[in-house]
Amino acid sequence: MCFRLSSMFLFLLLADLAFTQEPPSSPPNQPSVKELLERIDRLEKRVNELEANEHKPIAIRAASAAQRPAAPMQSQQPDTASALSAHEQMPSSELQQVETHYPSLQIHGFGDVDFSATDHKGSNSGFNMGQFVLHFASALSGKVSYFGEVSFTAEPTTYELAVERSIVRYDYNDYFKLSFGKYHTPIGYWNATFHHGAWLQTTISRPEMVKFGGSLIPVHFVGAQAEGNIPSGGLGLGYNVGLGNGRGSLFSKAGDSGDVNSNRAWVANVYARPSRLYGLQVGGSFYGDKLSTTPGTKFNEWISAADVIWSKEHPEVLAEYANVHHRDLATSQTFNTTSYYVQVAYRLPWEASKWKPYYRFEYIHRPGVEPVWDFSTTPSVVDLVGSLVGVRYDITNFAAFKGEYRRARSAVNEPNVNGAFFQTAFTF
Amino acid sequence: MNRDRKIASMSLGLACVMLGICATIVAQTHSIDVAVVVHPDTPVSDLSLADVRKVFLGDRQYWTSNLPVVLLIRAPVARERNVVLKIIYQMSETQFKQYWIAKIFRAESALAPKVVYSNDMANDLVTAVPGAIAFIDAREVRSGAKVVRVDGHLPGEPGYPLR
């Protein structure tokens with residue numbers, strides 16, 4: 001009954017709208033909608049005029065600033081405090097907002113707590129503390145800045161403190177920035193992009209080829225580096241060129257306290273970020289050094305690497321390849337170790353984009369006998385085939401949970417090891 | 001009966017007019033252009049969208065050797081910020097925050113963009129700080145500020161990409 005009445009009412013309304021002979025007209029003494037809109041337009045115009053008058057002093061100042069002859073560039077150094085002093089009428093809170101005091105130290109901390117369980121014989125499952133990392137960034141002036149990174153790594157009886165990066169950089173312009181200190185060697189993408197602090201990376205761990213404490217690629221580099229953009233229009237080319245100590249007496253470490261020989265290592269990295277394909281990065285790196293495993297032995301080391309990256313998260317694709325070539329200078333024997341990984345992740349759109357599943361395959365193939373890797377009793381580089389699948393859940397903007405299943409074998413004819421890994425990683 | 005019909009038809013007519021006004025307001029709100037504004041002494045007047053992206057990603061940090069870029073970006077929730085995140089950065093709010101933390105601690109930039117809380121504040125600062133660049137609602141750009149063409153278009157022109 002109720003439905004029928006409603007239907008009839010709706011029908012009558014529609015019929016009236018369609019066939020009414022007398023369209024409802026506004027009484028002559030009431031303004032029409034069009035007139036009201038015109039009135040609103042006039043009032044908006046008036047408000048804009050009043051606002052413009054109110055802001056006139058600032059506009060006049062800006063216009064007169066524009067007409068001034070160009071001041072010497074030195075006066076435009078980013079000492080914002082002096083640049084702003086001419087604008088007395090600006091609210092002081094706004095001035096404080098943009099004023100940069102030197103040095104302007106920013107500190108960020110990174111930490112993670114992990115749980116692991118594997119079927120590897122002799123291993124124990126359980127919790128462990130990840131690295132506790134502090135990052136420092138400080139502008140010392142408009143053109144000089146400092147970056148530092150220290151880590152505390154849990155050891156059985158203590159925490160090991162290490163200076164991971166310590167860089168002072170002078171920016172001449174976008175095309176030339178010169179720095180000195182200790183870096184993560186710009187070979188490939190991961191090592192120069194994701195530093196200590198597991199929160200920065202999608203997965204729980206780094207790929208084996210760039211893992212901290214690993215030897216395949218010299219993760220750290222002590223010396224000098226020039227970097228910048230290369231004028232190339234839409235191609236978006238950039239470079240890093242470095243000269244430094246190379247590997248230390250322990251191949252996984254850089255020579256922080258001095259070089260182990262009088263030969264300098266060098267590194268060159270070129271990459272492209274095409275503007276038409278925002279998110280894409282393609283790069284290539286080369287590294288050269290001379291090594292000595294024991295007194296009297298000498299090896300040339302030549303590393304070539306390439307990477308293709310799609311850094312957006314829908315999807316995120318990271319693929320890197322590196323070949324490490326060693327040549328025994330006494331016998332001219334050569335040894336090549338090949339490695340690569342491909343990692344794919346996708347930030348799911350629902351639940352505020354908090355979920356990000358991922359997958360990684362990695363591979364390292366080394367010769368059966370490799371005098372540099374087999375220098376000590378335990379080989380420093382393994383023959384690896386492995387993959388992992390996992391998911392990252394960003395609890396907040398600054399903390400994440402990650403869960404991973406891994407399966408890998410770390411030597412030819414060795415069985416696969418399966419493991420489950422969990423991590424909560426955060427920045428503060 | 002006639003009176004009731006007349007009242008009903010008038011109500012319906014009024015509802016239609018209200019709907020029309022709302023639709024117009026919504027349409028106007030969504031088509032407001034966001035202007036790229038720089039300090040008057042900045043030596044640029046025309047940038048491609050890719051160049052604007054490069055500047056706001058911190059990949060271009062200097063206008064000239066002695067004039068660093070000072071990025072000003074609206075605080076969260078502002079429409080101008082949403083336009084910048086959607087069109088320039090193509091990132092969510094979370095991704096944007098993570099991007100700048102990572103950028104600074106990769107040692108690629110010493111300072112993150114400065115946050116401004118209103119178009120008035122953006123207008124004040126962009127005309128006062130050498131090298132400053134900001135996004136401002138095109139209707140609220142004050143005279144004296146330098147509006148940059150993006151892909152050859154000024155706000156309000158057909159083909160302007162930031163809206």
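Student: In this predicted model, what makes β5(B) and β7(B) a pair?

Tutor: Two strands pair when at least two bridges are found between them. β5(B) and β7(B) share two bridges, in the parallel sense, so they meet that cut-off. Within this pairing, B:L71 stands opposite B:I133 in β7(B).

Student: Turning to the helices, why are α2(B) and α3(B) called roughly perpendicular?

Tutor: Two packed helices are described by the angle between their axes and the distance between the axes. For α2 (residues 49-56) and α3 (residues 79-89) of chain B, the axes come within 10 Å and cross at roughly 110 degrees. Angles of 65 to 115 degrees count as roughly perpendicular, and α2(B) and α3(B) are therefore given that description. The crossing of α2(B) past α3(B) is left-handed.

Student: Which residues of α2(B) and α3(B) meet?

Tutor: On the α2(B) side they are B:V52, B:R53 and B:F56, and on the α3(B) side B:V84, B:I88 and B:Y89. This contact comprises five nonpolar residues, one charged and no polar. Arg counts as charged, so B:R53 is the charged member.

Student: What makes a residue of α2(B) buried, and which ones are?

Tutor: The cut-off is 20 or more other C-beta atoms within 10 Å of the residue's own. B:V52, B:K54, B:V55 and B:F56 are buried in α2(B), so each reaches that count. Their cover includes β1 (34-38), β2 (46-47), β5 (70-74), α3, β7 (132-137) and β8 (146-150) of chain B.

Student: What follows α2(B)?

Tutor: B:G58 follows α2(B), and its phi is positive, near 80 degrees.

Student: How many helices and strands does chain B have in total?

Tutor: Chain B has five helices and eight strands. From the N terminus they run α-β-β-α-β-β-β-α-α-β-α-β-β. Of its 163 residues, 38% count as buried.

Methods
Residues are numbered from 1 along each chain as its sequence is written. Chains are lettered from A and ligands numbered from 1 in the order in which they are written. This is a predicted model: local features need pLDDT of at least 70, side-chain atom pairs count only at pLDDT 80 or more; totals for chains, interfaces and linings use all residues. Axes are lines fitted to C-alpha atoms, for helices over the stretch in contact, and angles run from 0 to 180 degrees between N-to-C directions. Helices (H or I, at least four residues) and strands (E, at least two) are DSSP runs, numbered from the N terminus. Angles under 35 degrees count as roughly parallel, over 145 as roughly antiparallel, 65 to 115 as roughly perpendicular and the rest as oblique. A crossing is left-handed if the near helix is turned anticlockwise from the far one by less than a right angle, and right-handed if clockwise. Two residues are in contact if their C-beta atoms, placed from the backbone, lie within 7 Å. A residue is buried if 20 or more other C-beta atoms lie within 10 Å of its own, exposed if 12 or fewer, and partly exposed in between; C-beta atoms are placed from the backbone.
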